[in-house]
Amino acid sequence: MSKSSVAYIVSAAALVVAVWLGVSIGSVKIPISTLWNAEADATATNILWKIRMPRVVLAGLVGASLAISGAAFQGLLKNPLADPYTLGVSSGASVGAVMTLFFGISIPFLGTYTLPIFSMVGAALTMFLVLGFARLVDRAMKMETIILTGIIFGSFLGSVLSLMIALTGEELRQIIGWLLGSVSMRGWNYITMILPFVVVGSFMLWLNRRELNAMLFGEERAHHLGVNVKRRKFAILIGGSILTGSAVAVSGTIGFVGLVVPHMTRLLWGSDHRHLLTLSFMNGATLLIICDLIARTIISPTELPVGVITAFIGAPVFAFIFYKQRRKGGM
């Protein structure tokens, strides 16, 4: 059996176990047989299908979106420190979403999709501004320049968010809770909202899996291999922005998933993007489902924002990756 086959089997098994734990464990223990038992207790069935299952599915979709976009950004920029959070893309998506909430924007023909659309626009604009400013500062666009530019833009957008929070009245609690990141009490309508964007964004990145492999050798080498570098870069950035924007729109800011999952997947199973993107998608879903389970059970009945749990995991991993890069002289 090939290494890639083992990777898919292990990742799929981990995801199934995470879903099983996510729907079974909580303030009320629900046997997994409730899924197919038509004669199960009505209360357990309602909890399973109206609360637990949509929460687990949404956590999986958000984690998968952030992880696959992080894998694509890391491959495009050839740096394991790149992800939607460190590049400021998540902050841009947050500003777009909070502006929608703050000003009560609702475009009639978009309906419930107004929020994710504005969030994606914010993510895409931030990504292009970061790359444009990095090119202005350093024509060679070194990786450290892009990372630092992302941090600068992320800090600025964070101050914009703080200003809107300071000017907010009744919606203050809602916006702050949303910014901390959560998939609690979202329901199936949020899954309907994010699912089309997850499919489109993931498909765009998956179509560029071979081009990402070519770009690992440098843009000039990729061009000689027949890759339309500018077009492919644009497609990857748009696909990643769609995924990040839609994830932030439904769950708020959840950091480090796009950093940790691709890096650990790459360490375990290799850097071939033909497999890395799909495996990161699966492992990102697994990680966020488990993190959400911890968030709602660790100090039960009080729930922690899932963004707090991912930050506890992600910050040490970020420091570890940065340390390794410095030791290698890469940053």
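When I say that two residues are in contact, I mean that they have heavy atoms within 4.5 Å. Before I use that term, please keep in mind that this is a predicted model, in which local features need pLDDT of at least 70 and side-chain atom pairs count only at pLDDT 80 or more, while totals for chains, interfaces and linings use all residues. Residues are numbered from 1 along each chain as its sequence is written, and side-chain values use heavy atoms, with hydrogens and water left out.

Let me start with Ser24, which lies in helix H1, residues 3–24; helices here are DSSP runs of H or I with at least four residues, numbered from the N terminus. Ser24 is buried, at a relative accessible area of 10%, where buried means under 20% with a 1.4 Å probe and protein chains only. Its side chain reaches the backbone oxygen of Trp20 at 2.7 Å, and, if we leave aside neighbours within four places in sequence, Ser24 is in contact with Lys29, Ile30, Ile32 and Arg52.

Finally, helix H11 runs over residues 257–269, and its 13 residues reach 18 Å from the first C-alpha to the last, close to the 18 Å expected at 1.5 Å a residue, a span taken as 1.5 Å times one less than the number of residues. Among the buried residues of H11 are Val257, Leu259, Pro262 and His263, and just after H11, Gly270 takes a positive phi of about 100°.

Terms used
Helix = DSSP H or I, 4+ residues; strand = E, 2+ residues; numbered from the N terminus. Buried < 20%, exposed > 50% of the residue type's maximum accessible area, 1.4 Å probe, protein only. Polar contact = N/O pair within 3.5 Å; in protein donor to acceptor, adjacent residues only side chain to side chain.
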